[in-house]
Amino acid sequence: MTSPHAAPPLPGQSGPDAGLPFGNSILALADALAAISEQADALTVTYATATHRAAAEWLQRRMLACHFDEVGIDAVGNVVGRYHARESGAAQLLTGSHFDTVRNGGRYDGRLGILAPMEVVAALAAAGRRLAFDIVVIGFADEEGVRFGTTFLGSSAVIGAFDTAVLERRDADGITMREAMQTAGLAPDAIACAMLTDRPTIGFVEIHIEQGPVLLDENLALGVVSAINGAVRMMFEIDGAAGHAGTTPMNGRRDAACAAAEATLLIERRCSAEPALVGTVGMLEVPAGSVNVIPAQARFSLDLRAPDDAQRDRALADILAGIDALCRARGVRWRSEEIMRAPATAADPGLRGLWRDAVTGIGLPLRELPSGAGHDAIRMAGACAQAMLFVRCGAGGISHSPEETLDAADADAAARAFDLFLQLLEQRMRGT
């Protein structure tokens with residue numbers, strides 16, 4: 001992969017063809033956007049890098065080609081395209097997703113939710129159609145939080161809830177977010193100007209690959225999201241005592257790594273005890289470890305999720321109490337830091353109902369399911385109604401991986417459902 005600055009060749013305008021008016025175009029666009037990467041052999045786009053800026057500029061050019069009326073990159077790096085309503089001063093419907101990626105990620109995570117609405121707007125423009133509301137498609141700048149350990153930067157700015165304290169966070173090279181933004185041509189002192197929800201807003205809808213196997217296993221193309229699971233992320237450190245691996249008796253050790261391992265298994269047992277509760281230790285390390293030294297320190301992470309905040313918080317309390325007990329028994333000290341907390345978020349009933357009608361309206365069976373992953377929609381819910389549509393992904397439902405796949409027919413179905421969603425929303429606004 002490369003990081004080209006010239007626009008790649010674009011597929012033709014969306015329109016009726018051999019049966020996939022949108023799908024093939026969406027996949028071709030995803031391939032073209034995936035050519036912009038920080039790595040030659042993997043797709044990686046992290047916040048406020050030169051590659052990130054190149055991807056934003058690519059999206060900006062494509063939005064212009066789709067005949068949006070206003071297109072720009074805001075102060076935080078979001079790419080925003082507005083397709084005007086028939087009359088000025090109309091309310092707006094917000095949609096979109098993120099274009100940043102995890103390291104060695106997939107080309108449809110987030111990006112499908114930008115490209116599909118863009119192609120629907122292109123079809124509206126080609127047909128000369130205007131609706132009763134503005135359509136605003138947003139390519140959110142940073143949802144994954146890979147570079148600075150933050151999440152939902154772009155959507156936080158859009159709802160006017162950006163925490164300026166994160167501007168002083170540093171990446172692995174010691175560069176602050178403020179410095180990185182300035183280098184990328186962004187405006188950290190003007191982030192307040194990125195707010196969009198300070199005008200009449202119908203809500204926010206997001207199209208996203210499922211990132212799981214439910215739809216695939218049930219042979220369904222689309223699913224309507226009922227709620228987004230609440231999540232808590234923690235970092236733990238355990239301090240024990242170093243010692244000679246050959247001369248320290250087993251019953252006299254204060255092994256930090258063993259305590260971390262026991263904590264990991266405690267988390268697994270607790271989260272296996274309840275349906276829909278999931279806990280993951282994604283990072284586990286022994287800093288400056290040696291093969292012949294008892295570990296004096298260990299670090300690990302916890303990602304805990306559930307569809308109900310009370311269920312999640314009960315589990316967290318049990319986990320913390322269990323870690324405290326095992327560390328006391330082993331004679332080691334521990335500390336923790338909460339680095340992220342997001343509430344469980346139910347879909348807005350009205351918008352969710354429109355998604356249901358849109359899915360059945362294009363002739364597909366209705367399936368509703370919760371989202372175990374977090375999305376920009378969960379942040380947008382802090383300022384407006386939200387609802388999501390899931391799209392089947394292949395390869396066992398794998399995501400955050402180059403193995404991530406999407407079928408053109410499913411991408412097409414998602415775009416057609418969005419097109420019908422817009423029609424149904426307009427009918428509802430007219431009272432018909």
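Entry 1. I looked up D324 and found it partly exposed, with a relative accessible area of 25%; on the scale I use, buried is under 20%, exposed is over 50% and partly exposed lies in between (1.4 Å probe, protein chains only). I note that this is a predicted model, in which local features need pLDDT of at least 70, side-chain atom pairs count only at pLDDT 80 or more, and totals for chains, interfaces and linings use all residues. Residues are numbered from 1 along each chain as its sequence is written, and side-chain values use heavy atoms, with hydrogens and water left out.

I then asked which residue D324 meets in a salt bridge. The partner is R328, at 2.9 Å from N to O. A salt bridge here is a side-chain nitrogen of Lys or Arg within 4 Å of a carboxyl oxygen of Asp or Glu. R328 is exposed, at 64% relative accessibility. For helices I take DSSP runs of H or I with at least four residues, and for strands runs of E with at least two, numbered from the N terminus.

I next looked up R233, which forms a salt bridge with D303, the closest N and O atoms being 3.1 Å apart. R233 belongs to strand β7 (residues 230-239) and D303 to strand β12 (residues 297-306), so the bridge ties together parts that are 70 residues apart in sequence. R233 is partly exposed, with a relative accessible area of 26%, whereas D303 is buried at 16%. I also recorded a network of salt bridges that links E237, D239, E285, R299 and R335.

**Entry 2. T176.** I placed T176 in the loop between α4 and α5. Is T176 buried or exposed? It is buried, with a relative accessible area of 5%. Leaving out residues up to four places away in sequence, I listed its contacts (heavy atoms within 4.5 Å): T176 touches F148, L167, E168, R169 and R170. The C-alpha atoms of T176 and V166, ten residues apart along the chain, are 8.8 Å from each other.

**Entry 3. Helix α2.** I checked the length of α2: its 16 residues should span 22 Å at 1.5 Å a residue, and its end C-alpha atoms are 23 Å apart, which agrees. The expected span is 1.5 Å times one less than the number of residues. The buried residues of α2 are T51, H52, A54, A55, A56, W58, L59, R62 and M63. They pack against α1 (23-34), β1 (70-73), β2 (79-83), α3 (112-126) and β4. Just after α2, I found H67 with a positive phi of about 70 degrees.

**Entry 4. Cavity.** I searched on a 1 Å grid over the protein atoms alone: a cavity is a set of points where a 1.4 Å probe fits but cannot get out, a pocket is an open set with protein on both sides within 12 Å along at least five of seven lines, and lining residues have an atom within 4 Å of a point. Grid points are joined across faces, edges and corners, and volume is the space filled by probe spheres set on the points. I counted one cavity of 30 Å³ or more. The largest cavity holds about 40 Å³ of space. Its lining consists of A48, H52, R53, A56, I73, G77, A184 and L186. Helix α2 (residues 50-65) gives the largest share of that lining, three residues.

Entry 5. I listed its lining as E70, V71, G72, I73, D74, N78, V80, R82, A194 and L196. The elements that give two or more residues to this lining are β1 and β2, and β1 gives the largest share, four residues.
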